[in-house]
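Visitor: I would like to learn how to read a protein model, one feature at a time. Could you take me through this one slowly?

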Amino acid sequence: MKIAFYDTRSYDRDAFTAANKNFLFDIDFFDFHLNEKTAFSAKGYDVVCAFVNDTLDSKVLHILKDCGISLVAMRCAGYNNVDLKVAAELGLKIVRVPAYSPHSVAEHAVALLMSLTRRIPQAYMRTRTGNFTLNGLTGRDLFGLTAGILGTGKIGKIMAEILSGFGMKIELYDVYPDKDWAASHGFEYVMLDKLFKDADVLSLHCPLTDGTKHIVNDKSLALMKNDAVIINTGRGALIDTRALVNALKRREIGGAGLDVYEEESKYFFDDWSVDVIKDDTLARLMTFPNVIITGHQAFLTTNALSAIADVTLGNIRDWMNGTALANEVK
Ligand code: NAD
């Protein structure tokens with residue numbers, strides 16, 4: 001079984017090489033993205049393994065099919081970058097890793113929140129240069145504030161429970177509310193507008209779909225408190241970034257902790273430190289003292305990486321053996 005892995009980094013290669021000791025697949029790791037220009041490289045392989053910023057649109061899926069690929073194994077939970085309709089038409093199976101460590105993502109969301117509210121990046125930079133002054137570093141207690149959790153699946157639930165531990169009031173929104181879970185924790189589901197209005201901290205944990213694209217936009221930002229902070233570890237396009245930048249410039253929003261960005265695929269996971277960033281929206285975002293950006297890092301813990309590798313290779317083995325695909329995306 002020959003597998004082509006796209007957009008891999010050293011941590012992927014280490015985790016998958018370790019996990020593959022139990023599977024013994026023939027794996028080639030590529031560091032480039034899967035897209036229209038590179039898809040031909042799948043020729044000679046049985047399976048393609050792709051990640052969040054690979055392109056799996058109609059054109060790419062047709063090329064993969066022509067190359068003899070029958071299975072695309074996503075080594076992530078989200079699959080918004082896959083044209084599922086075309087995949088089904090072509091008879092290409094898509095599998096994913098629905099859950100690896102929801103704690104890894106929720107804990108990173110909390111790290112972004114705390115870094116933002118306690119100005120840790122600024123404090124770190126100062127003390128490294130021997131500057132121990134505190135001007136401009138005044139933070140805010142989370143205790144007593146209201147957290148709005150948008151999307152209460154695996155990650156959103158953990159985020160709600162962690163923030164509840166800080167003594168925050170928890171408000172929730174989900175198109176499929178889990179009322180029993182909410183009641184058992186004393187949390188409350190509210191209408192979406194109320195979530196935007198009430199939240200001191202808004203944390204995004206829903207998938208990117210046609211219905212959630214730009215769910216944070218001019219209109220919803222206008223509902224929010226001027227000192228509210230937004231944490232996004234979901235997908236970049238949940239936020240209309242231009243609207244966020246405008247709200248930040250007008251001081252109509254308190255800050256943002258972003259692990260994802262809607263145009264991240266060109267920049268994230270690569271070193272642009274000696275190059276010119278041509279994306280003016282990203283460049284502008286990076287200038288705000290009340291914005292923290294991490295490069296789609298929330299999943300990156302040792303626990304999550306080894307779980308991703310085990311489940312991905314297990315998905316491929318199930319497909320190879322003709323057993324039911326528990327993690328198939330339909
Ligand atoms: P999940 O499927 O367990 O939960 C998603 C929840 O969102 C569900 O409860 C669903 O009902 C809800 N939802 C769907 N549409 C909605 C809408 N229109 N409005 C409100 N809620 C809606 O998924 P999860 O494992 O909790 O992951 C959530 C998202 O986090 C993923 O879709 C993925 O995009 C993102 N993610 C990011 C990273 C990272 O490294 N930054 C890692 C893993 C997942």
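Predicted model: local features only at pLDDT ≥ 70, side-chain atom pairs only at ≥ 80, totals over all residues.

Guide: Let us begin with the secondary structure, where helices (H or I, at least four residues) and strands (E, at least two) are DSSP runs numbered from the N terminus; by that reading the chain has 12 helices and 12 strands. Residues are numbered from 1 along each chain as its sequence is written, and side-chain values use heavy atoms, with hydrogens and water left out.

Visitor: Into which domains is the chain divided?

Guide: Domain bounds come from an automatic or database domain assignment, and here domain 1 takes in 2-100 + 301-321, whereas domain 2 covers 102-293. Taken over C-alpha atoms, the centres of domain 1 and domain 2 are separated by 29 Å. Contact means heavy atoms within 4.5 Å, and by this test 14 residues of domain 1 touch 10 residues of domain 2.

Visitor: How many of the contacts in the chain, as a percentage, join residues at least 24 apart?

Guide: Counting contacts between residues at least 6 apart in sequence, the share that joins residues at least 24 apart is 66%.

Visitor: How should I read burial, and what percentage of the residues in the chain is buried?

Guide: A residue is buried under 20% relative accessible area, exposed over 50%, and partly exposed in between (1.4 Å probe, protein chains only). Of the 330 residues in the chain, 50% are buried.

Visitor: Which residues of helix H10 are buried?

Guide: An α-helix has 3.6 residues a turn, so residues three or four places apart point the same way. In helix H10, which spans residues 241-249, the buried residues are Thr-241, Ala-243, Leu-244, Val-245, Ala-247 and Leu-248. They pack against helix H9 (218-223) and helix H11 (280-285), and also against strands S10 (229-232), S11 (255-258) and S12 (291-293). After H10 comes Arg-251, with a positive phi near 55°.

Visitor: Where does His-296 lie, and is His-296 buried or exposed?

Guide: His-296 is in the loop between S12 and helix H12 (302-321), and it counts as buried because its relative accessibility is 7%. Although His-296 is not a glycine, its phi is positive, at about 55°. His-214, likewise not a glycine, has a positive phi of about 55°, and it sits in the loop between strand S9 (201-204) and H9. With a relative accessible area of 23%, His-214 is partly exposed.

Visitor: How far apart in space are Asp-218 and Thr-152?

Guide: Asp-218, which is found in helix H9, is 66 residues from Thr-152 in sequence and 23 Å from it in space, C-alpha to C-alpha. Asp-218 is partly exposed, because its relative accessibility is 48%. His-103, placed in helix H4 (residues 102-117), is partly exposed at 42% relative accessibility. Between the C-alpha atoms of His-103 and Ala-18 there are 22 Å, with 85 residues separating the two along the chain.
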